[in-house]
Amino acid sequence: MSELQNQVAIITGATSGIGRSVARELGGAGMRLVLTGRREERLRELATDLDACETIAGDITEPSFPGRLLNAAIDRFGRCDAVFNNAGVMHTASIEETDIEVMARMVRINVEAMVRVAYTALKHFRTQGSGHLVNVSSILGTKVRPTAGVYAATKYAVEALSEALRMEVAKSAVKVSTIEPGLVATELQDHFEVHPAKAFGIEQPLKPEDIARCVRFMLEQPAHVRIPVMMVLPGEQPL
Ligand SMILES: NC(=O)c1ccc[n+]([C@@H]2O[C@H](COP(=O)([O-])OP(=O)(O)OC[C@H]3O[C@@H](n4cnc5c(N)ncnc54)[C@H](OP(=O)(O)O)[C@@H]3O)[C@@H](O)[C@H]2O)c1
C-alpha cells in the first residue's frame, strides 16, 4: 500500500495535461483529491475514474478561490496534505507582435494565482504541522529564449518564490518542491503557429504521465527527505 493512501491533495489545472495525469496517479495511490480548473465537464469526466474526489470549477485568478479549495478539502476530507500548484498558460510573441493584455493575463495566472495558492497552502500546513507544496515551474524557469521572455519571467518568479518559501519552512515538517518540466505533450502550446516539438525537432516529448510519476515520487519520500527542485526533460531536448 502506498504511504499516500488516504492523504488529501489539491490539484490546480486538473482539467488537462500534467494536472489531469497527476490526479490519476495520486488517485491511483489512494489519495483523496480536490480537483479544479475552469472546464466543469472535464472535471466531471475525471471524477468518474476516481474514488474519493471533490471537484470545484472556477478561475484560479479569483482571489478568494484558493481559500475555497482549501475549505473544500477540509470540509470533505478533514485535512489537506499536499497542494500541486500547477494551473498555467503559455503565450509567446516577438516585441512587435506581443499583445500586452494577453501577457498581463498570463502573469496573473502563472504568478499572482500561484502566489495566492502557495500562501494559502503554507499557512494551513504551518498550523497543521505538516504538508507538501509542489509548484510547477519549467525548464524556462532556468533559462530564457527569444519571444518567451514573459513566460520565462513567470517561471523565474515561481523559482524565486519556491526557494524563499522552502528556506522559510526548512526547520519544520512542511515541504516545498519545484518541478521543472521540459517539453510535455499537452494542450499548453496547441495555439502556437509552429509547435515547439516541430520548432526544436523533438520527436518524443515527455508524456504528462512522466511528470505524474515524478510528482508521486516527490510526495512519497520519507519525512526527513527534501527534493527542492526536480528537472525532467525529454531525451532529445538539449539544455
Ligand atoms: N507542457 C509543457 O511543455 C510544460 C513544460 C513546462 C512547464 N509546464 C507547466 O505545466 C503546467 C500545466 O500545463 P500543461 O502543460 O498541463 O498545460 P494544459 O494541458 O494546457 O493545462 C493547463 C491547466 O491549467 C488550467 N488553467 C489555465 N488557466 C486557468 C485559469 N485562469 N483558472 C483555472 N485554471 C486554469 C487549465 O484548466 P482550464 O482551461 O479548464 O481552466 C488546465 O487544466 C503549467 O504551469 C505549465 O506552465 C508545461
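## Helices α1 and α7

Helix axes are lines fitted to C-alpha atoms over the stretch in contact, and angles run from 0 to 180 degrees between N-to-C directions. In this predicted model, helix α1 (residues 17-28) and helix α7 (residues 208-219) cross at roughly 50°, their axes coming within 8 Å. α1 is therefore oblique to α7, and the crossing of the two is right-handed.

On the α1 side, the contact is made by Gly 17, Ile 18, Ser 21, Val 22, Glu 25 and Leu 26. α7 contributes Pro 208, Glu 209, Ile 211, Ala 212, Arg 213, Val 215, Arg 216 and Leu 219. By class, eight of the residues in this contact are nonpolar, two polar and four charged.

## Helices α4 and α5

Helix α4 (residues 100-128) packs with helix α5 (residues 149-168) at an angle of about 15°, and their axes are 9 Å apart. Angles under 35 degrees count as roughly parallel, so α4 and α5 are roughly parallel to each other. Their crossing is right-handed.

Residues of α4 in the contact include Met 103, Met 106, Val 107 and Asn 110, while those of α5 include Val 150, Tyr 151, Thr 154 and Lys 155. The contact of α4 with α5 comprises 15 nonpolar, two polar and three charged residues.

## Ligand surroundings

There are 31 residues around the ligand, of which Thr 15, Ser 16, Arg 38, Tyr 151 and Thr 186 come nearest. Tyr 151 also belongs to the contact of α5 with α4.

A polar backbone atom of Ile 18, a residue of the α1 contact with α7, is 2.8 Å from an oxygen atom of the ligand. For Gly 88, a backbone N or O atom lies 3.4 Å from a ligand oxygen atom, and for Leu 188 the corresponding distance is 3.4 Å.

Conventions
Residues are numbered from 1 along each chain as its sequence is written. This is a predicted model: local features need pLDDT of at least 70, side-chain atom pairs count only at pLDDT 80 or more; totals for chains, interfaces and linings use all residues. Side-chain values use heavy atoms; hydrogens and water are left out. Helices (H or I, at least four residues) and strands (E, at least two) are DSSP runs, numbered from the N terminus. Angles under 35 degrees count as roughly parallel, over 145 as roughly antiparallel, 65 to 115 as roughly perpendicular and the rest as oblique. A crossing is left-handed if the near helix is turned anticlockwise from the far one by less than a right angle, and right-handed if clockwise. Contact means heavy atoms within 4.5 Å. Ala, Val, Leu, Ile, Met, Phe, Trp, Tyr, Cys and Pro count as nonpolar, Asp, Glu, Lys and Arg as charged, and the others, Gly among them, as polar. A residue is near a molecule or strand if one of its heavy atoms lies within 4 Å of it. A polar contact is a pair of N or O atoms within 3.5 Å; within protein, one must be able to donate a hydrogen and the other to accept it, and residues adjacent in sequence count only if both atoms are side-chain atoms.
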